[in-house]
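I opened this entry to keep a record of what I looked up in the structure, going from the whole chain to single residues. The structure itself comes next, and my notes follow it.

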Amino acid sequence: MTDEPENTNRPEGEGGFSSPACAAHEASPAYAGYASLPQRPFAATGKNVSLLGLGTVKFGRNTGVKYPGGDGFALPTDAQVEELLDTALACGINLLDTAPAYGVAEERLGKLLGKRRERFFLVTKTGEEFDGEKSEYVFTAEHTRMSVERSLKRLDTDFLDCVLVHSNREDVKVITQTPALETLARLKEEGLIGSFGVSTYTVEGGRLTVDMSDAVMVAYNAGYVDEKPVIDYAREKGKAVLVKKGLASGHAAGTAAQNIRLVTSTPGVTSLVFGSLNPKNILANAAAIGQN
Ligand SMILES: NC(=O)c1ccc[n+]([C@@H]2O[C@H](COP(=O)([O-])OP(=O)(O)OC[C@H]3O[C@@H](n4cnc5c(N)ncnc54)[C@H](OP(=O)(O)O)[C@@H]3O)[C@@H](O)[C@H]2O)c1
């Protein structure tokens with residue numbers, strides 16, 4: 001059973017992300033009181049992550065998305081991406097989630113993170129390739145290794161904290177009949193990645209992921225609780241649970257705050273990864289945690 005200690009301090013050194021970069025930004029009165037998000041241990045990595053994480057689909061991709069308003073929204077400028085990153089850090093958010101399938105998100109983060117890199121627990125994915133119109137899924141050993149090496153280059157880093165298989169809906173087949181997970185296990189042994197898992201769709205796929213890896217990413221919000229048994233199982237096994245679509249991609253039943261409170265008060269949830277291009281929404285989402 002995972003014992004989920006709340007860690008509201010910013011530990012120094014191993015397990016912590018306390019570099020003084022962006023201190024001026026964080027010292028702004030606008031952020032007073034925000035840098036207190038609870039943290040959770042991320043499986044057995046020895047690192048703690050904030051209960052909210054920032055997703056980056058909208059940093060790099062504006063086609064084939066399901067947000068209100070649909071495709072074609074303006075991608076944020078470099079200055080806006082930096083403001084979103086700094087706002088997240090100022091709120092105590094230290095987990096970033098990205099993927100090769102998020103258009104130019106990885107390249108943009110590689111260019112713009114700079115010193116912020118060391119303060120974030122960086123999650124990316126492998127297996128889905130998006131060409132601007134459609135997705136193709138490739139789970140071979142060669143592709144998995146190439147994808148991780150490409151993410152390291154694009155993100156301008158020498159280490160990825162977690163890599164998830166970006167599964168299609170046939171997650172059980174991907175887990176049991178492709179070499180994607182065993183290739184990630186090898187990359188972990190080689191020290192290029194700190195942990196691995198699968199972003200899943202089914203309860204069976206989620207449970208298999210928990211048995212075979214460090215982390216699972218599941219959808220969960222007030223209008224969709226089908227994968228909750230995976231969260232319970234991961235909790236029993238001490239594995240990390242990332243929640244995607246916690247706001248139902250902007251179509252959530254109820255308010256954002258209600259969904260955030262539901263997800264983050266669920267035992268077993270390590271971090272709710274939400275997407276936003278609006279610093280005010282990042283601040284509001286962080287504030288919603290305090291109302292748990
Ligand atoms: N298969 C996978 O692995 C997978 C699939 C989907 C998502 N993900 C990950 O999970 C992340 C989140 O999922 P998501 O982007 O689909 O959706 P989401 O987080 O459920 O919803 C994002 C939407 O909610 C809006 N929003 C955020 N905070 C709000 C607030 N306080 N009030 C009102 N609206 C608010 C955002 O609009 P604004 O921009 O206006 O704030 C955005 O359009 C992704 O970025 C990605 O990292 C992974």
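Predicted model: local features only at pLDDT ≥ 70, side-chain atom pairs only at ≥ 80, totals over all residues.

I began with the secondary structure and found 11 helices and 12 strands in the protein, where helices (H or I, at least four residues) and strands (E, at least two) are DSSP runs, numbered from the N terminus. Residues are numbered from 1 along each chain as its sequence is written.

I then looked up burial, and buried residues make up 46% of the 292 residues in the protein. The term buried stands for 20 or more other C-beta atoms within 10 Å of a residue's own, exposed for 12 or fewer, and partly exposed for what lies in between, with C-beta atoms placed from the backbone. For contacts with a separation of 6 or more, I found that residues 24 or more positions apart account for 74%; two residues are in contact if their C-beta atoms, placed from the backbone, lie within 7 Å.

**The ligand shell**

Which residues are closest to the ligand? Of the 26 residues that surround the ligand, the closest are G55, S199, L247, G275 and S276, and a residue counts as near if its C-beta atom, placed from the backbone, lies within 6 Å. Helix 2 (57–60), strand 12 (271–275) and helix 11 (279–289) each supply at least two residues of this shell. By class I recorded 10 nonpolar, 12 polar and four charged residues in the shell, with Ala, Val, Leu, Ile, Met, Phe, Trp, Tyr, Cys and Pro counted as nonpolar, Asp, Glu, Lys and Arg as charged, and the others, Gly among them, as polar.

**Strand 3**

Strand 3 (residues 52–55) is covered on both faces, with L52 and L54 buried on one side and G53 and G55 buried on the other. Strand 3 runs parallel to strand 12 and is joined to it by four bridges, and G53 stands opposite V273 in strand 12. Strand 3 also pairs with strand 4 in the parallel sense, over two bridges, and there L54 has L96 as its bridge partner; pairing requires that DSSP finds at least two bridges between the strands.

**A99**

I next looked up A99, which sits in the loop between strand 4 (95–97) and helix 4 (105–112). Is A99 buried or exposed? A99 is buried, because 27 other C-beta atoms lie within 10 Å. Not counting residues up to four places away in sequence, A99 touches T124, K125, E128 and H166. A99 and V57 are 42 residues apart in sequence, yet their C-alpha atoms are 7.9 Å apart in space.

**Helix 5 and T144**

Helix 5 (residues 141–154) has 14 residues that should span 20 Å at 1.5 Å a residue, and its end C-alpha atoms are 20 Å apart, which agrees; the expected span is 1.5 Å times one less than the number of residues. The buried residues of helix 5 are T144, S147, V148, S151 and L152. Seen down the axis of helix 5, these buried residues fall within an arc of 135°, so they line one face of the helix; the arc is that of the directions from the helix axis to the C-beta atoms. An α-helix has 3.6 residues a turn, so residues three or four places apart point the same way. The buried residues of helix 5 pack against helix 4, strand 5 (121–126), strand 8 (162–166) and helix 7 (180–189), whereas the face turned away from the buried side carries the exposed residues E142, E149 and K153. Helix 5 is followed by D156, whose phi is positive, near 55°.

Within helix 5 I checked T144, which is buried with 25 other C-beta atoms within 10 Å. Leaving aside neighbours within four places in sequence, T144 is in contact with T126, F139, A180, T183 and L184.

**Helix 9**

In helix 9 (residues 228–237) the buried residues are V230, I231, A234 and R235. Seen down the axis of helix 9, they fall within an arc of 140°, so they line one face of the helix. These residues pack against helix 8 (203–212), strand 10 (215–219) and strand 11 (240–244), and just after helix 9, G238 takes a positive phi of about 70°.
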